[in-house]
Amino acid sequence: MPLSARSLRYLMLEPHEMEAFVNVHKMQTIKRQTVITCMATLNKNMADDDAVGCLVIGTENMEVCILDPEAFTVQAKLNLPSVAVFMDVTGQFDVEFRIIVACRNGNIYIIRR
């Protein structure tokens with residue numbers, strides 16, 4: 001499980017600084033941030049070139065996320081055995097789609113609905 005930036009900072013503190021750090025940050029929620037490694041677009045429900053598209057993101061946390069184009073929320077989150085570096089997307093999110101992902105471990109994975 002990857003640690004948050006705040007957790008990593010806590011682990012680097014001297015023992016006498018840890019309690020003060022916890023008291024300052026105890027009411028704040030912990031957020032896990034990641035790095036985008038690759039991106040593509042997936043049409044939402046029509047095959048036209050100018051149709052509304054969902055953003056498909058590969059992350060350093062070994063996940064592929066599909067974002068809703070209207071609300072900017074995560075519509076689907078899929079876990080991979082390795083970090084995605086290249087991806088090709090075909091189809092439509094509401095109908096049927098395929099996401100072909102090449103990963104750092106040298107394997108290619110196909111995600112489909």
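1. L3 sits in the segment before α1 (5–12). Helices (H or I, at least four residues) and strands (E, at least two) are DSSP runs, numbered from the N terminus. L3 has 45% relative accessibility and counts as partly exposed. The scale is this: buried is under 20% relative accessible area, exposed is over 50%, and partly exposed is in between (1.4 Å probe, protein chains only). Together, L3, L8 and L11 make a nonpolar surface patch of about 290 Å². Patches are made of residues with over 30% relative accessible area and no salt bridge; like charges are joined within 9 Å, nonpolar side chains (Val, Leu, Ile, Met, Phe, Trp, Tyr) within 5 Å. Accessible areas come from the Shrake-Rupley method with a 1.4 Å probe, and for residues only the protein chains shown count as cover.

2. **What you are looking at.** This is a predicted model, where local features need pLDDT of at least 70, side-chain atom pairs count only at pLDDT 80 or more, and totals for chains, interfaces and linings use all residues. Residues are numbered from 1 along each chain as its sequence is written, and side-chain values use heavy atoms, with hydrogens and water left out.

3. **Salt bridges.** How many salt bridges does a search of the whole structure find? The search finds 2. A salt bridge is a side-chain nitrogen of Lys or Arg within 4 Å of a carboxyl oxygen of Asp or Glu. Side chains of opposite charge can pair when their charged atoms come close.

4. **D94 and K44.** The closest N and O atoms of this salt bridge are 3.8 Å apart. D94 lies in the loop between β5 and β6 (96–103), and K44 in the loop between β1 (36–43) and β2, so the pair ties together parts 50 residues apart in sequence. D94 is partly exposed at 40% relative accessibility. K44 is buried, at 14%.

5. **E60 and R104.** In this salt bridge the closest N and O atoms are 2.7 Å apart. E60 lies in the loop between β2 and β3, and R104 in the loop between β6 and β7 (108–112), so the pair ties together parts 44 residues apart in sequence. E60 is partly exposed, at 32% relative accessibility.

6. **N61.** N61 belongs to the loop between β2 (53–59) and β3 (63–67). Is N61 buried or exposed? N61 is buried, with a relative accessible area of 19%. Not counting residues up to four places away in sequence, N61 touches P2, R32, Q33 and T34. Contact means heavy atoms within 4.5 Å.

7. **S82.** S82 lies in the loop between β4 (74–79) and β5 (84–92). S82 is buried, at 9% relative accessible area. Its side chain reaches the backbone nitrogen of N105 at 3.2 Å. Leaving out residues up to four places away in sequence, S82 touches M62, C103, R104 and N105.

8. **Cysteines.** A disulfide is a pair of cysteine sulfur atoms within 2.5 Å. The count by this rule is 0 disulfides. C103 is buried, at 6% relative accessibility.

9. **C65 in its strand.** C65 is in strand β3. C65 is buried, at 10% relative accessibility. Beyond neighbours within four places in sequence, C65 is in contact with L55, V56, I57, V74, A76 and K77.

Technical notes. Polar contact = N/O pair within 3.5 Å; in protein donor to acceptor, adjacent residues only side chain to side chain.
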